[in-house]
Amino acid sequence: MRGHYEELAAEYDEHWVYGPDYIPWMSGRIAEALRLSPTDRIADIGSGTGLFAREVARQLQPRHPILCVDPSEAMLRQLGTPPPPGLTPIVAAAEDIAEGRADLPYEQLDAMWLKESVHHLTDQARTLHGLADRLAAGGRLLVVMLPATIQYPLFQAALDRFEELQPDPAHVQQHLSTAGLEAGLTHVEHELRIDRDKYIGMVRARYMSLLSTFSDSEIEKGIEEMQAKHPEPVLVFPDRFAFVLGKRPGEGV
């Protein structure tokens with residue numbers, strides 16, 4: 001899977017961003033759910049190119065740089081050299097943070113989020129427990145993930161495979177509870193409007209890691225199905241996310 005993102009890195013932001021409102025909207029929801037303050041020590045686990053961390057830093061003006069943690073050096077290079085003020089790249093996987101194998105500038109974290117990366121964890125329970133252990137008293141851990149079923153205008157085989165592979169948010173909530181956090185599950189929704197041809201280009205570029213499980217011919221066959229089913233020039237569909245929030249007992253927010 002790392003190779004998938006290495007290949008996509010240079011064009012990732014172009015393919016991934018649905019429209020100008022999406023990144024500010026999602027970044028605002030993340031900051032709101034975590035109740036971030038400028039004094040928090042924060043990490044974006046699986047940050048990719050730093051799309052959300054960059055916007056959170058812009059909105060929050062943190063006193064401590066937000067750690068952009070990702071195993072792909074190519075993705076992190078998209079932050080720029082040097083990286084923007086308020087962001088510090090860390091080449092590491094979530095498992096490296098959980099197991100204490102990565103050197104971090106902060107011994108403990110006040111807040112961290114995983115945005116659509118929990119499905120990449122080989123052992124979700126173990127890794128989330130390890131991440132929870134890195135939280136200071138009152139620290140918060142947010143897992144942002146798609147629900148078990150999505151209403152994207154994808155081809156049917158992709159929708160079916162998504163349901164086969166996607167973790168259940170309720171199970172992630174249980175993992176956080178087992179890790180000793182006070183855990184809750186909520187949902188947020190955002191209406192997406194995107195030019196059909198742009199979205200087809202995103203699918204062809206395999207903007208979702210799920211699409212990397214299909215061959216070129218399967219993707220093209222799927223695109224033909226999408227074009228037949230969606231003749232409209234602008235696609236309108238709901239983007240719904242599960243927000244699984246865990247808080248470590250103790251002082252803090």
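Predicted model: local features only at pLDDT ≥ 70, side-chain atom pairs only at ≥ 80, totals over all residues.
## About the model

Local features here need pLDDT of at least 70 and side-chain atom pairs count only at pLDDT 80 or more, while totals for chains, interfaces and linings use all residues. Residues are numbered from 1 along each chain as its sequence is written, and side-chain values use heavy atoms, with hydrogens and water left out.

## Aromatic pairs

Let's start with the rings. The structure holds six aromatic pairs. Rings of Phe, Tyr and Trp (its six-membered ring) pair if their centres lie within 6.5 Å; planes under 30 degrees apart count as stacked, over 60 as edge-to-face and the rest as tilted. Tyrosine 22 and tryptophan 25 make a tilted pair, at 6.2 Å centre to centre and 40° between the planes. Both sit in helix H3 (residues 22-34), three residues apart, about one turn of the helix. Helices (H or I, at least four residues) and strands (E, at least two) are DSSP runs, numbered from the N terminus. Tyrosine 22 is buried, at 1% relative accessible area, and tryptophan 25 is buried at 15%. Buried means under 20% relative accessible area, exposed over 50% and partly exposed in between (1.4 Å probe, protein chains only).

Phenylalanine 155 and phenylalanine 214 have ring centres 5.2 Å apart and planes at 75°, so this pair is edge-to-face. Phenylalanine 155 lies in the loop between strand S5 (135-145) and helix H8 (156-165), and phenylalanine 214 in the loop between helix H10 (196-204) and helix H11 (216-229), so the pair ties together parts 59 residues apart in sequence. Phenylalanine 155 is buried, with 2% relative accessible area, and phenylalanine 214 counts as buried at 6%. Arginine 161 lies over the face of phenylalanine 214, 4.0 Å from the ring centre; the criterion is NZ of Lys or CZ of Arg within 6 Å of the ring centre and within 35 degrees of the ring normal.

Elsewhere, ring pairs link Tyr152, Tyr199, Tyr207 and Phe237 into a cluster.

## Helices H10 and H11

H10 and H11 pack at an angle of about 160°, with axes 10 Å apart. That makes H10 roughly antiparallel to H11. Axes are lines fitted to C-alpha atoms, for helices over the stretch in contact, and angles run from 0 to 180 degrees between N-to-C directions; under 35 degrees counts as roughly parallel, over 145 as roughly antiparallel, 65 to 115 as roughly perpendicular and the rest as oblique.

Tyr199, one of the clustered residues, is among the H10 residues that meet H11. Contact means heavy atoms within 4.5 Å.

## Helices H7 and H9

Helix H7 (residues 124-133) and helix H9 (residues 169-178) pack at about 45°, with axes 9 Å apart, and are therefore oblique to each other.
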